[in-house]
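Notebook open, structure loaded. I want to jot down what I look up as I go.

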Amino acid sequence: MSLLRAVARRVAAGLVVLWAAATAAYLALLAAPGNTVDSIVGDGADTPQIRAQIVTEWGLDRPPVVQYLDYLWRLAGGDLGRSYLLQRPVAEVIGEQLAPTATLAVAAAGLGVLLAVVVAVGTTGRRRRWPRRVSSAAELLLVSTPPFLIGIVLLSVLSFRYGLFPVAGDQGPAALVLPTLTLALPIAGLLAQVLRDGLDRALDEPFVLTARARGVRERAVLLRHALRHALLPTVTLAGWLFGVLLGGAVVVEQVFGRPGLGQVTLSAVTSKDMPVVLAVVTLSAAVYVLVNTAADLTCLLVDPRLRRS
Amino acid sequence: MPVRPLRTLAVAAVLALAGCATATTPAAEAAGRPRPGGALTWAVETEPITLNPHQYAQAKARLLVWNSFESLLTYDAQGRPVPWLATGWQTTPDGLTYTLPLRTGVTFTDGTPFDAAAVKANLDKLREPGYAPAVAAVQLRHLKTVEVVDPHTVRLTLTAPDVLILDFLASPQGAQVSPRSLREARNLKAGGVDVVGTGPFVLDRYVPGQELHYRRNPGYDWAPPTATHTGPAHLDEITYRFLKESAVRVGALTAQQVQLIEGVPATDQPLITGNPRLRLTRELNSGSAYTYYLNVSHAPFDDLRVRQAFREALDVDTVLASVYRDTATRAWSVVSPSSPLYDKRLEGSYGGDTAAANRLLDQAGWTGRDADGYRTRDGRRLTVRLVQAAPYVRDRRDVLAQAVQAAVKQSAGIDLKVSVVDQGTAQQAFDRNEYEVFDNSRADTDAGAALNLLLHSAGGINRTRVADPQLDRLLEAGQAATDPARRAESYAALQQRVVAGQALALPLYAPADQIAASTAVGGVRFEPTAGVPASAYDLWIAR
């Protein structure tokens, strides 16, 4: 029963976050300089008649409050509206771009986490000073290099020079390799550092001493006991990870000519395509809430101490 | 005669350019004779915001439009309208009626026959409120009625003489869409595979953010006279892949992952020209040149002497050479040098005279100097603001602006403030009249259409804020004159007044398009007059 109540509380909190995100985005776009008519007119011909037509067609003559309430009402009903610029329903625009981005994000997150765990576990321990130094330097380099540059370098070497992977598009697994690497490397870099730090600290704990005294082998100490402790701070980074994936997708999709939400977001923001921007923000908030809830639940799973309180 | 040597130089430059153009012909034969079949991938810079030609607004999307759509007229290399889906046109002496006999035996790719009723359906749709407001309010402003004379003749009646109606009939917005698509398409304004035309290719796949795929229209047999062959297209299929980063496009071409790319910035051109398997071609766009328009509505550019001084303070050739490494073509007029309306007399007639610039500024009272070396008058610095909207910055125009900024500071103590901002902020600066310089180029096929918007006192983007009855008269005369010689005369007088006389505008360079292609690809061409990459109709690929 209490579990049910906890879940209900989470859902309610999630809805509040969603509403706040949608409203904040709406206010930000409203406060930005220039009005919606300008962005619809764009670089094209511009006369008072054209402007008047646009205003009536999009209902922009209604007061902002009415437009806002109307927007919330439609959002509640699952209607994301129509894109001004693309002349298509927003749900359709986003829907068809969701799968490529999701594929990329899941692949990159998976690879990033896997690399981080392998590297951190492989370089923790007293007799591994040199591998550790090398991997620390590499991690720092990856974390501080803009993904744009990583992407271009990977492309130039692995695609243009040696022709191992196709340059662009969403054409099966081969085309996914380079974009995934580009996104995964900085993630792996940061996660590996956090994880190794956690492992180091766990290895200094008394329970490790106890385990060793019981004759547990070093590898088992690391994997069964220390890693579990070290995972906690890493799991709480899931929210950050999601942010990196979304931001990285913008760059990666641009460089690799991949379809996806990143491209949609970028062009919608630069051209002030309000309905698309609002939908992307709301969707991101929804996924963010989901990811964080999942992270909390994972923590419960990993750490039995949290289950008791 | 200090002007003379300069003018000769300009002629030499034109000849050199012509030489370049012919020099590419032998290379084109590297692909052998045209052969049918094969598939090509072309990496393009811009993903179109709409695939419906009536909604067309991006010059960079023009090469896609003519694959699946066609207009009633098109332009030849001399800038004259020539027949396409219409076999010709007759005008009444008052310039108010245009009668167009249509080609017979043409069908849309959904099987609907192309006839006078289809043309009327298109023109009626274009004037429907809320469908294409920009077209209805500008290009079709003078269109009164559309009449089906017989199944293969259509008659347009205008409210005022307007030769630009021919430009509309040759434009993407005037392209003929199947009446069935107009009625039944799911997302008519966005276009897509269910919005079809009469073109040599059929769009059969659109993956947003990734690519467009066309296959050949086997029944096609109505190529315009400007094409190099007749009958169906050579290629079976063509894919346009959207690659927004120029470095990625060039890399994909050198790695042979694509066979053609467009949009090759100056810095990447040596990679193409130094590779024997690749070939670079470029062509100047039509319309108006990339120009700095000076806002005359307030100080300091309300003073003719300051405008002239700004013009003289800048050595355009030096600035272009430093930013574009000699790949840019200098513009001497607001009209592109490739336009038949271009006034050659402006070449070498002004500019780069630093002494004159300083003399003019002294006369205008900007005699003081402040600590930073800028000129002042009554304690106020000679500052002019250039506001660029980031989404529309291309060809490294932001870098060019910085070079201009440094040049005018050094030569005449003018403070050019450059800001690259988002579109809304730029629009706000224009609305509030908080700018002195406006930069723009337009790719209209008829330069008159661009000049109407830019320089007429009622023009939609008249950011010089000039209201000069003489300019308005010249523009209106140019729009009404059916005789090409009389038209050219009007626009020549206009260019003299705008550039030389009133110094309202400082032309910088003529925008160009580049195509880099594998030598295995034949038939790489630019669209005559428009100067943008042509459709895939004439392309073939060597075995």
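**Ground rules**

This is a predicted model, so I keep in mind that local features need pLDDT of at least 70 and side-chain atom pairs count only at pLDDT 80 or more, while totals for chains, interfaces and linings use all residues. Residues are numbered from 1 along each chain as its sequence is written, chains are lettered from A and ligands numbered from 1 in the order in which they are written, and side-chain values use heavy atoms, with hydrogens and water left out.

**Entry 1: Arg375(B)**

I started with Arg375(B), which sits in strand S16 (residues 375-377) of chain B. Helices (H or I, at least four residues) and strands (E, at least two) are DSSP runs, numbered from the N terminus. Is Arg375(B) buried or exposed? I get buried, with a relative accessible area of 4%. The cut-offs are under 20% relative accessible area for buried, over 50% for exposed, and partly exposed in between (1.4 Å probe, protein chains only).

Next I looked at what the side chain of Arg375(B) does. It makes a polar contact with the side chain of Asn358(B) at 2.7 Å, and another with the side chain of Asp362(B) at 2.8 Å. A polar contact here is a pair of N or O atoms within 3.5 Å; within protein, one must be able to donate a hydrogen and the other to accept it, and residues adjacent in sequence count only if both atoms are side-chain atoms. Leaving aside residues up to four places away in sequence, Arg375(B) also touches a list of others, including Leu361(B), Trp366(B), Leu382(B) and Ala412(B). Contact means heavy atoms within 4.5 Å.

**Entry 2: the sheet around S16(B)**

I then asked where S16 sits in its sheet. The order is S15-S16-S17 in chain B, an open sheet of three strands with antiparallel pairing. Strand S15 (368-369) and strand S17 (380-381) are the edge strands, and each pairs on one side only. Two strands pair if DSSP finds at least two bridges between them, and S15(B) and S16(B) have two bridges. Arg375(B) turns up again here, as the bridge partner of Arg369(B).

The loop between S16 and S17 of chain B holds Asp378(B). Phi of Asp378(B) is near 50°, a positive value in a residue other than glycine. Asp378(B) is exposed, with a relative accessible area of 74%.

Most residues other than glycine have a negative phi, and most peptide bonds are trans. I noted Gln256(B) as well, with phi near 60°. Gln256(B) lies in the loop between helix H7 (246-254) and strand S11 (260-262) of chain B, and is exposed at 54% relative accessible area.

Which peptide bond is cis? I found the one from Ala299(B) to Pro300(B), with omega near 0°. Pro300(B) is in the loop between strand S13 (288-294) and helix H9 (304-313) of chain B.

**Entry 3: helix pairs**

Axes are lines fitted to C-alpha atoms, for helices over the stretch in contact, and angles run from 0 to 180 degrees between N-to-C directions. Residues making the contact include Val319(B) and Leu320(B) of H10(B), and Leu400(B) and Ala403(B) of H12(B).

Over in chain A, the axes of helix H5 (residues 90-123) and helix H11 (residues 238-256) come within 10 Å and cross at roughly 120°. That makes H5(A) oblique to H11(A) too. Among the residues in contact are Leu104(A) and Ala108(A) of H5(A), with Leu245(A) and Val252(A) of H11(A).

**Entry 4: the four-stranded sheet**

Last, I went through an open antiparallel sheet of four strands in chain B, ordered S4-S5-S7-S6. Strand S4 (90-91) and strand S6 (143-150) stand at the edges with a single partner strand each, so one side of each has no neighbour in the sheet. Strand S5 (residues 97-101) and strand S7 (residues 153-158) run antiparallel, joined by five bridges. Pro101(B) has Thr153(B) as its bridge partner in S7(B). Helix H3 (residues 116-126) of chain B lies across S6 and S7, running at about 165° to S6(B).

Definitions and conventions:
Parallel < 35°, antiparallel > 145°, perpendicular 65-115°, else oblique.
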